[in-house]
Amino acid sequence: MTQWLTRRRGSKPLNPGVQAAWNFIQIIIGCMAVALSFNMFLVPNGIAAGGVSGMSILVKELVGITPAVTQWLVNIPLFLLALWLLGKKFGAKAVLGSTFLPLFVLLTAHVPNPTLNPLLAAIYGGIGIGLGLSLVFRGGGSTGGLDLAAQMVHRLTGLPYSIAIVMFDAMVIIAAGFVFTPETSLYALIATFVTSKTIDFMQNGLQLSKIAFIISERAEEVAEGILHDLNRGLTRLDGHGGYTGAGKTVLMVVASQNEVPKLKQLVRAIDPSAFVIISNTAEVHGEGFRLEDHR
């Protein structure tokens, strides 16, 4: 965010040392947010929502070991294996999260829980963990754990990373159904879903842009209208009809959601027979749209 502001003002990017400090702060705050949400909502309600944190809740229920200790016992060997199998690049991303997250879980173990309603706990715990993880990711970090295990499985077997993550989380959530009750597994699924959606929101926000492809016999007039009336840039693409083979000009336009109705009206007014395709695009970088910081 800070880098985005400096670019908008035309000044130089952040000094690498300042950027590194800012990334460190984001990772630390993110780990604290995850730890607080974990202890306030998930632990008191027995919601093992996947990952090493979910495993630590199961271990606490079975043998009474505090979750922070379990997380260290699992994270440290996984971190060392990641250094060996994946290299320093992957290991370095996880060192802060693997160290500080269990520490903050230990320090916040006795915070009062605001609710014993498992549904509320799943929702608000998922939101808090999603917010914390988003900060960790924005700082270029990782909380280690089963994320590293999934990376190693992907490297060794070729299994897609996303599939490996789902498999590991599913094993933890299913195990929760045996250790607690089947109902707690359902709440764990809710918490996992809310966490993923919170991360998506924090990464992309609500400003989903639209991308439009317009094929018209009056492409030049449509282009002029978009450039001057809608005040949007566009790209002219060369296309050919699949049946006739005739050359076509395809106009590609990226617009915000609130500009789409005006875009459709403009095209319809100029060429009612124009062929228009409009779809969502989650992220747009460049002039006229938000500029994300690049680490």
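The model is predicted, and its chain of 295 residues has 42% of them buried. The secondary structure comes to eleven helices and four strands. Among contacts between residues at least 6 apart in sequence, 72% join residues that are at least 24 apart.

**Annotated transmembrane regions**

- According to the unreviewed UniProt entry, the annotation "transmembrane region" covers residues 21-42, 62-87, 94-112, 118-137 and 158-180.
- For one of these spans, residues 94-112, the chain is 74% helix and 0% strand, with the end C-alpha atoms 29 Å apart.
- For another, residues 158-180, the chain is 83% helix and 0% strand, and the end C-alpha atoms lie 34 Å apart.

**The pair of helices H3 and H8**

- Helix H3, which spans residues 51-63, and helix H8, which spans residues 161-179, have axes that come within 9 Å and cross at roughly 20°.
- Since the limit for the description is an angle under 35 degrees, H3 and H8 are therefore roughly parallel to each other.
- The crossing in which H3 passes H8 is left-handed.
- On the H3 side the residues that meet H8 are Gly51, Gly54, Met55, Leu58, Glu61 and Leu62, while H8 contributes Asp169, Val172, Ala175, Ala176 and Val179.

**Ser134 in helix H6**

- Ser134 is found in helix H6, which runs over residues 118-138.
- Why does Ser134 count as buried? The cut-off for a buried residue is a relative accessible area under 20%, and Ser134 counts as buried because its relative accessibility is 0%.
- Leaving aside residues up to four places away in sequence, Ser134 touches Thr198, Ile199, Met202 and Gln203.

**Salt bridges**

- How many salt bridges does a search of the whole structure find? The search finds four, and three of them are described below, including the pair formed by Glu217 and Lys248.
- The side chains of Glu217 and Lys248 meet in a salt bridge with an N to O distance of 2.7 Å. Glu217 lies in the loop between strand E1 (209-215) and helix H10 (219-228), whereas Lys248 lies in strand E3 (residues 247-256), so the pair ties together parts that are 31 residues apart in sequence.
- As for solvent accessibility in this pair, Glu217 is exposed, with a relative accessible area of 66%, whereas Lys248 is partly exposed, with a relative accessible area of 31%.
- Arg218 forms a salt bridge with Glu221, and the closest N and O atoms of this pair are 2.7 Å apart. Arg218 counts as partly exposed at 37% relative accessibility, and Glu221 counts as partly exposed at 40%.
- Arg236 forms a salt bridge with Glu220, in which the closest N and O atoms are 3.3 Å apart. Because Arg236 lies in strand E2 (residues 235-240) and Glu220 in helix H10, the pair ties together parts that are 16 residues apart in sequence.
- Within this last pair, Arg236 counts as partly exposed at 40% relative accessibility, and Glu220 is partly exposed, with a relative accessible area of 46%.

Definitions and conventions: Residues numbered from 1 in each chain as written. Predicted model: local features only at pLDDT ≥ 70, side-chain atom pairs only at ≥ 80, totals over all residues. Heavy atoms only, no water. UniProt positions renumbered as here; feature names shortened; annotations may be inferred. Helix = DSSP H or I, 4+ residues; strand = E, 2+ residues; numbered from the N terminus. Buried < 20%, exposed > 50% of the residue type's maximum accessible area, 1.4 Å probe, protein only. Contact = heavy atoms within 4.5 Å. Axes fitted to C-alpha atoms, helices over the stretch in contact; angles between N-to-C directions. Parallel < 35°, antiparallel > 145°, perpendicular 65-115°, else oblique. Left-handed = near helix turned anticlockwise from the far one by under 90°.
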